[in-house]
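Please keep the structure open as you go through them.

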Amino acid sequence: MSTIRDVAKLAGVSVSTVSRFLNKSGYVNAETERLIKDAIEKLNYSPNEVARGLAGKKTNTIALILPDISNLFFSDLARAVEDVAATYGYTVIFGNSDDQGTKERRYIETLKKKYIDGIIFASNTLSREDSEMLAKLGIPFVCLDRGPSEKNGSVVRSKNKEGAVMAVRHLLDVGCRKIAHIYGPQDLITGKERLNGYVQSVQVFEWYTPTLLEPGDFRIAGGMAATERLLERHPDIDGIFAGNDLMAVGALKALQRRGIAVGCQVAVCGFDGIQTTEITTPELTTIAQPIYEMGAHISRLLIKKIEGVLEEDRIYELDVKLIARDSTLRRKVPNEQG
């Protein structure tokens, strides 16, 4: 780890001159500035890295980087992170990346200068390069759903594929005979594993065709548009499994606009277990992730890493559960009675 003395030696100036340059606390001529800047670049020197290493600075502050705070899944997760962090004496700083790698990188650059003790990434844009940089700086981090590589960083996620299988089994159990799937972005492990679970569950049936798959974007509007496209291709579908609750809400809206009775004619199941599913009409069946538990678990993991008691990184998978509500309450219609 480079020190301010190393920079001063390479630049051929005094430590106090480097300090004045870094803190902008006095005059440094242009040529000396150039020499100091060159030395800093060659040594990959970070003032805050040195402060952390030499002064042992610790602010009891952690950061939580979210992809979309407007999604109730992430607001519920943030609540748990903040609650647990507070019990250990930590304050949480929130950042919304909007699923943009460049925005997330700006957060990282800012946070590493603020003596942050650790970072939770609930976004999906952390790159391998950024994770290696954080490791080099000695800033602990943990990830929700996926890390930047299979061997780098502890990860907390739910059993996504198992949950998708559970959703399809439930739709079959309530009498569905042609089930479509609105899947999430395939660059996210959540979207990919839930799609895999659906395909694994239905590919044995004669009615299955890849045209029963339709992409969404984990948002309400995406679920609505996907449902419209599915109904155009397959007006006889009687079940929809949406890859998250927001897309499932979109499916409800699209079906209702067409005058299709949700539950009776087409059953709908979502995934996540956000609070919105309790106030839709009809209330939405969902595969519920233990959102609060996930936030609490990931907070404890990060604090253990900060305090040096977590020895190795690993993936932690939490159980999901089916919450059956009216959106999959199938009632027999007259021509089905016998």
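Which residues does Ser327 touch, not counting residues up to four places away in sequence?

1. Ser327 touches Leu252, Val262, Gly263, Val266, Ala267, Val268, Pro282, Glu283, Leu284 and Thr285, where contact means heavy atoms within 4.5 Å. This serine lies in the segment after strand E12 (321–323). Ser327 is buried, with a relative accessible area of 0%; buried means under 20% relative accessible area, with a 1.4 Å probe and protein chains only. The side chain of Ser327 also reaches the backbone nitrogen of Thr285 at 2.8 Å.

2. A word on the source. This is a predicted model, in which local features need pLDDT of at least 70 and side-chain atom pairs count only at pLDDT 80 or more, while totals for chains, interfaces and linings use all residues. Residues are numbered from 1 along each chain as its sequence is written, and side-chain values use heavy atoms, with hydrogens and water left out.

3. H5 has 16 residues and spans 23 Å from its first C-alpha to its last, close to the expected 22 Å, which is 1.5 Å times one less than its number of residues. After H5 comes Gly89, with a positive phi near 85°.

4. What do the buried residues of H5 pack against? Their partners are strands E1 (61–66), E2 (91–96), E3 (118–121), E4 (141–144) and E9 (267–272), together with helix H12 (291–306). Among the buried residues of H5 are Phe73, Phe74, Asp76 and Leu77.

5. Strand E1 holds Thr61, which is buried at a relative accessible area of 14%. A polar atom of the Thr61 side chain lies 3.1 Å from the backbone oxygen of Thr59. Leaving out residues up to four places away in sequence, Thr61 touches Tyr90, Thr91, Ile93, Ile116, Asp117 and Gly118.

6. Finally, a helix pair. H6 (residues 101–111) and H7 (residues 128–137) pack at an angle of about 5°, with their axes 11 Å apart. The two helices are therefore roughly parallel to each other, a term for angles under 35 degrees. Arg105, Ile108 and Glu109 of H6 meet Asp130, Met133 and Leu134 of H7.

Methods. Helix = DSSP H or I, 4+ residues; strand = E, 2+ residues; numbered from the N terminus. Buried < 20%, exposed > 50% of the residue type's maximum accessible area, 1.4 Å probe, protein only. Polar contact = N/O pair within 3.5 Å; in protein donor to acceptor, adjacent residues only side chain to side chain. Axes fitted to C-alpha atoms, helices over the stretch in contact; angles between N-to-C directions. Parallel < 35°, antiparallel > 145°, perpendicular 65-115°, else oblique.
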